[in-house]
Amino acid sequence: MKLENIVPWGRSYREYTEMFSLSKEEIKSKKILGCGDGPSSFNTEAEYEDANVVSIDPLYAYSKKEIMQRIDEVAGEVMSQVRNNMDNFVWKNIPDVESLEHMRIEAMMEFLADYEDGKEEGRYIDASLPKLPFNNKTFDLALSSHFLFLYSEHLDEAFHKTAIDEMLRVANEVRIFPLLTLDNQRSPYVKNIIESLETEGYKAEIIQTAYEFQKGANEMLKITRV
Ligand SMILES: C[S@@+](CC[C@H](N)C(=O)[O-])C[C@H]1O[C@@H](n2cnc3c(N)ncnc32)[C@H](O)[C@@H]1O
């Protein structure tokens, strides 16, 4: 994927733990795959906790310098989009736009500081859904934060189902957050995908989360084998 088509913007480890209701014990004991982690600091900060996290993203085809430049290029645009759509967000835990910008930049700087070491250690791998370069059942848990369902306008239902099947091939459990699209509507694919997964013998549950920043985005989809 061309770098100019990627908007690198990343959340913090704390946000990931809240979005996916991940306990410290779970993070320490499970082998976790983050799909589309981009420049978030989830992998970086999980490493401080001695966790076992691997992240994949097409962004990781690029160098630290290239990613840093791209973050610089998009930061203004991303923040002005937030300013123009203030009502789409819940300004509670994050009180204002300045705090949001500070938090995100801090997370991305943490990621950048760890990126080259993490790449060498195989924690940041250049790969793209719907195809993952791992053997069956390599992970206990695969996560998608702000990729699947969010971009439902650009990625069709077949892409979503193939990507989720692939995540279920490499991991015993899958969690996806949020279930909303960019315009704060429940993705039109959620219902059909849950029905298909249940027909195939999986348990697919919508679980309320403590995290809500995009208004109404306070649910994750948890898929397990029955
Ligand atoms: C909105 S960002 C979310 C970043 C991070 N997960 C977070 O929540 O802060 C979406 C990410 O999806 C990545 N992405 C785009 N196409 C992808 C694909 N086919 N497979 C996996 N990740 C992809 C982008 O490079 C970007 O880093």
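**Charge, fold and nonpolar cores of the chain**

The chain carries 26 positive and 41 negative side chains, and the centres of these two sets are 4 Å apart. The model described here is a predicted one. Of the 226 residues, 51% count as buried.

The secondary structure comprises 7 helices and 7 strands. Read from the N terminus, these elements follow the order α-α-β-α-β-α-α-β-β-α-β-α-β-β. Along the principal axes, the C-alpha atoms occupy a box of roughly 45 × 40 × 35 Å. The radius of gyration is 17 Å, which agrees with the value near 17 Å that a compact globule of 226 residues would have. Among contacts between residues at least 6 apart in sequence, 74% join residues at least 24 apart.

In soluble globular proteins, nonpolar side chains tend to be buried together. The largest nonpolar core of the chain contains 42 residues, of which Trp 9, Phe 20, Phe 42, Ile 67 and Leu 143 touch the most other members. Two or more residues are given to this core by each of helix 1 (13-19), helix 3 (42-48), helix 4 (64-84), helix 5 (97-120) and strand 4 (139-145). Apart from this core lies another, of 32 residues, which includes Leu 129, Ala 142, Val 174 and Leu 197.

Beyond its neighbours within four places in sequence, Leu 143 is in contact with residues including Tyr 16, Phe 20, Leu 22, Ile 32, Leu 33 and Phe 42. Gly 34, Cys 35, Met 167 and Arg 175 are also among the contacts of Leu 143.

Notes. Residues numbered from 1 in each chain as written. Predicted model: local features only at pLDDT ≥ 70, side-chain atom pairs only at ≥ 80, totals over all residues. Heavy atoms only, no water. Helix = DSSP H or I, 4+ residues; strand = E, 2+ residues; numbered from the N terminus. Rg over C-alpha atoms; globule rule 2.2 N^0.38 Å. Buried < 20%, exposed > 50% of the residue type's maximum accessible area, 1.4 Å probe, protein only. Contact = heavy atoms within 4.5 Å. Lys, Arg positive; Asp, Glu negative; His and termini not counted. Charge placed at Lys NZ, Arg CZ, Asp CG, Glu CD. Core = buried A, V, L, I, M, F, W, Y, C linked by side-chain atoms within 4.5 Å.
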